[in-house]
Amino acid sequence: MSSEIRRRYAGEAERPLGGYLAVLAAYGGAAGGLAVLGRATGARLPERWGLGDTILLTTATFKASRLLSKDAVTSPLRAPFTRYEEPAGDGELNESVRGHGPRHSVGELLTCPFCLAVWVATGLGAGLVFAPRATRFAATVLTAVAGSDTLQLLYDAGKKLASK
């Protein structure tokens, strides 16, 4: 990407457009690799996705992307790209992105559950094509954890209301 385009786009801000291109290329390569693998193995997309699979995939994507991008236990995966800032409550952390270029771009991806969700959904979607039983099991576990989290938060909120 030319420096003129970067300058006109970012102005005074540091925006790692080259790093973003690298992340996009990695995603495109992974998605393309999955398509080639599917063709080579004869795996076929279902005629249509059922509502149940869509809800399961949505909930599992939500939980997995939050788990990977915010959970305290997964911080070692983000540590090469981030700096710990503070607890964010309920087992989550706030982290700032470190580095420049691709390192910064990967850090942004790994700390953004919205950004990471595209990758997670692609992986889970591919799993439903290549290994549907194992993927449904993993997605069901993630969905159960998301449901448990919701119940934990509702329980805590109920305790606070009851103590007033």
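I began with Arg136 and Asp53, whose side chains meet in a salt bridge, 2.7 Å from N to O. This pair joins distant parts of the chain, since Arg136 sits in helix H7 and Asp53 in helix H3, 83 residues apart. A reminder to myself: this is a predicted model.

Next I looked up how open the two partners are. Arg136 comes out as partly exposed, because its relative accessibility is 32%. Asp53 has 19% relative accessibility, so Asp53 counts as buried; the cut-off for buried is under 20%.

**Other salt bridges**

I looked at Arg15 and Glu108, which form a salt bridge with their closest N and O atoms 3.4 Å apart. Here too the pair links distant parts of the chain: Arg15 lies in the loop between H1 and helix H2 (17-41), while Glu108 belongs to helix H5 (residues 101-111), 93 residues away. Arg15 is partly exposed at 30% relative accessibility, and Glu108 is partly exposed at 23%.

Then I turned to Arg8 and Glu4, where the closest N and O atoms of the salt bridge are 2.6 Å apart. Why are Arg8 and Glu4 separated by about one helical turn? They are four residues apart in helix H1 (residues 3-10), so about one helical turn separates them. I jotted down the background as well: an α-helix has 3.6 residues a turn, so residues three or four places apart point the same way. For Arg8 I read 64% relative accessibility, which counts as exposed. Glu4, at 33%, counts as partly exposed.

**Back to H7**

I went back to H7 for its dimensions. This helix has 31 residues and spans 44 Å from its first C-alpha to its last, close to the 45 Å expected at 1.5 Å a residue.

Which residues of H7 are buried? My list holds Thr135, Ala139, Leu142 and Ala146. I also checked what covers the buried residues of H7, and the cover includes helix H3 (51-70) and helix H6 (113-130).

Phe137, Val141 and Val145 make a nonpolar patch of about 270 Å². I placed Val141 in H7, residues 132-162. With 39% relative accessibility, Val141 counts as partly exposed.

Key. Residues numbered from 1 in each chain as written. Predicted model: local features only at pLDDT ≥ 70, side-chain atom pairs only at ≥ 80, totals over all residues. Heavy atoms only, no water. Patch = residues over 30% accessible without salt bridge, like charges linked within 9 Å, V, L, I, M, F, W, Y side chains within 5 Å. Areas by Shrake-Rupley, 256 points an atom, 1.4 Å probe, with all protein chains shown as cover. Salt bridge = Lys/Arg side-chain N within 4 Å of Asp/Glu carboxyl O. Helix = DSSP H or I, 4+ residues; strand = E, 2+ residues; numbered from the N terminus. Buried < 20%, exposed > 50% of the residue type's maximum accessible area, 1.4 Å probe, protein only. Expected span 1.5 Å × (residues − 1). Contact = heavy atoms within 4.5 Å.
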